[in-house]
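Dear colleague,

Please find below the structure that I am handing over to you, together with its sequence. My findings follow directly after it.

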Amino acid sequence: MSTRRPNVLFVITDQHRADHVGFMGNQVVKTPNLDAIAARGTVFENAWVSNPVCMPNRCTIMTGRMPSGHGVIFNDRSLEWNANTHVRQFRAAGYRTALIGKSHLQHGMSSESVLQIVDSPAVADPYPPGWNHLEHPQFYTDRIPDWPDDFYGFDTVELSINHGASVAGHHYHWAIERGARHEDLAVTRQSPDNPRRRGGDVWWQVYEPPYDEEFHSSSFVAERTISFIEAAAAEGSPWLAWASFPDPHHPFTPPGRWFDRHRPEDMELPATFDDPLEGAPGFLRRFQQSTVHEQAVYVSHTGATSPEVTRAAMAANYGTIEMIDDRVGQILATIDRLGVSDDTIVVFTSDHGDMMGDHGLLLKGTMHYRGVLQVPLVIVDPRRSGARTDSLASSIDLGPTLLDLCGLEQYHGIKGVSQAPVLDGPSTSVRDCVLVEDDIDLRHIDWFPTTIRTLVTPTHRYSRYSTGEDQLCELWTDDDERTNLSSSHPELRAQMIEQLADAMMAHSDKARGAPVAGG
């Protein structure tokens, strides 16, 4: 690697399980390009999220602070306009910075799928009107709206808004310019009536979209990321590019040939598919007993319903992952062609996982099992040798790690820690636990946990719910998390509660509104 400042390619997928890539042992899904990244970098086999929901964890990755610190505790509010981010540090250091694809730092695409708060606000909004409307899909129908020159540190932003076959944002205009039909793209709500080419018989959220793969979000993210990298390289500027793929988040809608990559009947059901959830919190059993045909909105918690539904979801999920892998390969080929591979740090991860039939459950959020909480994570630094590590890592660590690797200063309030020492020595560990937060401002449902706190240690997971229930599982010896040890191991439970309390205090945010030099 040369002495110039390293570039950063940050590849992030959405709702992607840790075990749904080849380099984490999956023998069915084919991810040769992601596996090639893993072969060059450090694979974190024990990486966990700070929150199992899209917006909170994405904002944590951006800020290096827990959701309770930066304020985005659920998919129903926007990251404060003036929040500091690791991207702002890169831009201040002279980097070109781009966000291509899914952002979800602002409450826009999720506005149709969460309950609105009707009370007067707890705090008055101090920002100019419209600051938090930049990700509202309806504003892109006729034209691309005016954009600020700084979006949380990004100087270039091109959004792909929504999931499944629904296309909005810059992605919509990009597809129309290339010959796509408006009536195939502009699906404003996710519903069983969405247009499709085929599929949807077992579950409406598994189908082939009505347009070709050339118009799909993964194609958009790859092409526009490549364009940005080429432009930055031509300028001679160091760059940081977030290639943010909206898939494999449900609805599971791989286009064209990717829809046929896997047959549902060939999918092997998870070992815990028939788990009766004895000893698990009661609300999880209620989720398990619901069906995909009863969902109030497309993101609602649901049981896996049937083997047919689960196999169909798995097959389509694998197809979308393989298309992402193909497009990641296109980006990597561009970096090679430009001759900057030895000057480019590469990160691959996801914002959270998916139950995908584990314990008879589907989708994400509130269900604090490994399938949702653990994510794939690889960090490639060409100055360091590749390796695998079982040291704990958290999504809150990604910003501090990149700042460290690129020699940039941190800012006040960061709670993540740099994983650079682990890149130097994979047997090293920089943390003894990972804290996971999960909150939702939902009232009048006494059986639903509105607050969850989970502690992951090298050996155990302990989850405590606002319903008064808890779970204590021994990891690795009970990888399936079938046995709740809370009642049978009171001393261990007490130790985990004490460690959880310590972790919550250690992550307590003291930075908002703090006096700063010159302020």
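Ser-341 is located in the loop that connects α9 (307-337) and β10 (344-350). In this predicted model, the relative accessible area of Ser-341 is 18%; because residues under 20% count as buried, Ser-341 is classed as buried. Leaving aside residues up to four places away in sequence, Ser-341 touches Ile-335, Asp-336 and Pro-382. The C-alpha atom of Ser-341 is also separated by 10.0 Å from that of Asp-381, which lies 40 residues apart from Ser-341 along the chain.

Two packed helices are described by the angle between their axes and the distance between the axes. For α7 and α9, the axes come within 9 Å and cross at roughly 10°. The two helices are therefore roughly parallel. On the α7 side, the contact involves Ser-218, Ser-219, Ala-222, Thr-225, Ile-226, Ile-229 and Glu-230. These meet Met-323, Ile-324, Arg-327, Gln-330, Ile-331, Thr-334, Ile-335 and Arg-337 of α9. Seven of the residues in the contact of α7 with α9 are nonpolar, five are polar and three are charged. Ile-335, listed in this contact, is also one of the residues that Ser-341 touches.

Helix α7 (residues 217-235) packs against helix α5 (residues 170-177) as well, at an angle of about 90° and with the axes 10 Å apart. Since angles of 65 to 115 degrees count as roughly perpendicular, α5 and α7 are assigned to that class. From α5, His-170, His-171 and Trp-174 make the contact, and from α7, Ser-217, Ser-219, Phe-220, Glu-223 and Arg-224. The contact of α5 with α7 comprises two nonpolar, four polar and two charged residues. Ser-219 takes part in the contact with α5 and in the contact with α9.

Which residues of α13 are buried? They are Leu-492, Met-496, Leu-500 and Ala-503. These residues cover an arc of only 75° around the axis and therefore lie on the same side of α13. An α-helix has 3.6 residues a turn, so residues three or four places apart point the same way. The buried residues of α13 pack against β15 (434-439), β16 (451-456), β17 (460-465) and β18 (470-474). Pro-490, Glu-491, Glu-498 and Met-505, on the other side of α13, are exposed.

With kind regards

Methods:
Residues are numbered from 1 along each chain as its sequence is written. This is a predicted model: local features need pLDDT of at least 70, side-chain atom pairs count only at pLDDT 80 or more; totals for chains, interfaces and linings use all residues. Side-chain values use heavy atoms; hydrogens and water are left out. Axes are lines fitted to C-alpha atoms, for helices over the stretch in contact, and angles run from 0 to 180 degrees between N-to-C directions. Helices (H or I, at least four residues) and strands (E, at least two) are DSSP runs, numbered from the N terminus. Angles under 35 degrees count as roughly parallel, over 145 as roughly antiparallel, 65 to 115 as roughly perpendicular and the rest as oblique. Contact means heavy atoms within 4.5 Å. Ala, Val, Leu, Ile, Met, Phe, Trp, Tyr, Cys and Pro count as nonpolar, Asp, Glu, Lys and Arg as charged, and the others, Gly among them, as polar. Buried means under 20% relative accessible area, exposed over 50%, partly exposed in between (1.4 Å probe, protein chains only). The arc is that of the directions from the helix axis to the C-beta atoms.
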